[in-house]
Amino acid sequence: MADGPMDHPGYHPLLLRQLRKAGLAQPLSQATARLAALVGEAYHEQDRERRRNDRAMTLMAKEMTVLAEKIRHQAGLDPLTGTANRTLFRERLREAFAAAMPEQRVAVMFVDLDGFKLINDSIGHSFGDQLLCDVGRRLEGVLRDGDTVSRLGGDEFTLLLPLIYKPGEAAFIAARAIEALERPFVLDGNEVLISAAIGIALYPDDAEDGDGLLVAADTAMYRAKEMGRGHYTFFTADMNVRLHQRLLIKNRLLKAKGRGDLNLVYQPKICIRTNRIQGIEALLRWQDNRLGKVSPCDFIPVMEEMGLIADVGAWVLAEACRQVRIWREAGLESGRMAVNVSARQLRQPGLIDTVINIIRQTGVAADDLEFEITESMIIRDTESATHLLDEFRSMGIHIALDDFGTGFSSLSYLRKFPFDIIKIDKSFIDEIMSNPDDVAIISAIVTMGHALKRRIVAEGVETIDQYDLLKQLDVDDIQGFLFSRPMTPEDLAPLLKQGECYPRPSP
Ligand code: C2E
Ligand code: MG
Ligand code: MG
């Protein structure tokens, strides 16, 4: 007699139940036990098969989600709400401009949701996501065929109305959108309330390009918000765009948590005599969801004003040094790495320690670094600036005087301050072919600079004629689009491998 089935821990529970049902819970004969073992194995195999299928299904479901997201993205849709994404919005905007007849207007509206952040933070992101989907749907509900709702990111929605004959039509739709968003939303059985402010800008009245129109709509939106909840307003010329742009940048910088949207691009400086890459300048870039690419000339002063520049500047230096290491480990020589140091940064206590720490941590030699400083920075506080620059130089860091010619351009500074390099500003280079005075000035700077043993760099060289003339004038290095635009590290790598850089033929 074989053992009873209950003693067989390997028996499948379903088989045990069947055996009990058949009254076979008693010890089994050997033949029945063998048969039962075979049936049991079949049950187990079935289980294994089911698990395999489950796994395959889970994998397939995951792949389907990724694929659906990709397809939506390619179709220009925002993966969360299914409304247009930024790329599609811009494309439709271009199409609308191209198709607009003289009697027509194109309206762009910025929708600001009041209360969304609170809901997102208090009742959770999945409800926040749900709310954004509902907002997208309600906005779509008030638009006409051919109009577009787009989510630029976060809780930022824009509306595009390509066919407007009278501003009143845009006002009507804005009012309906506000009304639609003020109706309670139901999330998980709870009613929640938000409100909206809308800014409206019209093409071609308020701006003639996409970026300008978006800034105008955004500016109007801020004014609408100032008016209180549930308002819309049109852009008007008296809204000071420049001031508002600064405010916008400030607001966006506050929103940008961390430094996720900042990155560096690199532009080579080339020796005019040998065409060898002398060094690289690191230039900061910021891409914002709403504002798009913002020029460092616009956001750096705001960062200074907000007291963010010390942190960001330290990040720039560390990131540039890290890049030097990466290139070096890949066998690429980038020459000296130049970073721009802003006025506020120079006045920041602890700057020297920060620099020493970064050099230590990244293992890049001080001699491989160059700080680009503009004249205006040293004018304000000559004594402490001299002291700081001397300190950097004693560490081995090279100092360049950037944008030379745009400030006071006092030649005595060249003697007084410990600069190793003088960078002649692009504004002089722009005019050298047509303005003999500029040629004379550059020639004087070169002569004097060389007498003081400084290296002279020409910035912003764009044409071969400028290059030829600068060569005659005995400038040492060249930087400009003629040779290379600022590039990502990956794009720059082949040039570094080559070690040399030549003028690119004009398009
Ligand atoms: P900069 O240091 O004088 O940099 C040169 C600027 O001229 C760069 O503009 C560069 O892209 C541009 N450029 C170079 N060659 C040409 C050319 O052939 N044609 C034209 N049209 N432009 C050319 P970018 O990157 O927009 O930077 C503007 C300024 O922002 C810089 O002027 C610098 O003062 C500041 N900046 C950039 N990155 C940083 C940073 O990391 N920290 C600080 N403090 N300032 C920075
Ligand atoms: Mg510079
Ligand atoms: Mg410059």
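1. A crossing of two helices is left-handed if the near helix is turned anticlockwise from the far one by less than a right angle, and right-handed if it is turned clockwise. In this predicted model, the crossing of α5 and α6 is right-handed. Helix α5 covers residues 125–142 and helix α6 covers residues 167–182. Their axes lie 9 Å apart, and the packing angle is about 145 degrees.

2. On the α5 side, the residues that meet α6 are Val135, Arg138, Leu139, Gly141 and Val142. On the α6 side, the partners are Ile173, Arg176, Ala177, Ala180 and Leu181. By class, this contact of α5 with α6 holds seven nonpolar residues, one polar residue and two charged ones.

3. Helix α5 also packs against helix α4, which spans residues 116–123. For this pair the angle is about 145 degrees and the axes are 6 Å apart. From α4, the contact takes in Phe116, Ile119, Asn120 and Ile123; from α5, it takes in His125, Phe127, Gly128 and Leu131. Five residues of the contact of α4 with α5 are nonpolar and three are polar, with no charged residues.

4. The domain assignment divides the protein chain into domain 1 (1–75), domain 2 (86–239) and domain 3 (250–498). Taken over C-alpha atoms, the centres of domain 2 and domain 3 are separated by 40 Å.

5. Ligand 1 has 23 residues around it. Those that come nearest are Leu284, Pro296, Ser342, Gly480 and Phe481. Sorted by class, the shell around ligand 1 has 10 nonpolar, eight polar and five charged residues.

6. Which elements each supply at least two residues of the shell around ligand 1? They are the strands β9 (277–288) and β13 (398–404), together with the helices α9 (296–306) and α10 (309–329). The largest share, three residues, comes from α9.

7. Met395 belongs to helix α14, which runs over residues 382–395. Is Met395 buried, partly exposed or exposed? A residue counts as buried with 20 or more other C-beta atoms within 10 Å of its own C-beta atom, and as exposed with 12 or fewer. Met395 has 15 other C-beta atoms within 10 Å, so Met395 is partly exposed. Met395 and Thr354 are 41 residues apart in sequence, and their C-alpha atoms are 13 Å apart in space.

Conventions
Residues numbered from 1 in each chain as written. Chains lettered and ligands numbered in written order. Predicted model: local features only at pLDDT ≥ 70, side-chain atom pairs only at ≥ 80, totals over all residues. Domains from an automatic or database assignment. Near = placed C-beta within 6 Å. Helix = DSSP H or I, 4+ residues; strand = E, 2+ residues; numbered from the N terminus. Nonpolar A, V, L, I, M, F, W, Y, C, P; charged D, E, K, R; others polar. Axes fitted to C-alpha atoms, helices over the stretch in contact; angles between N-to-C directions. Contact = placed C-beta atoms within 7 Å.
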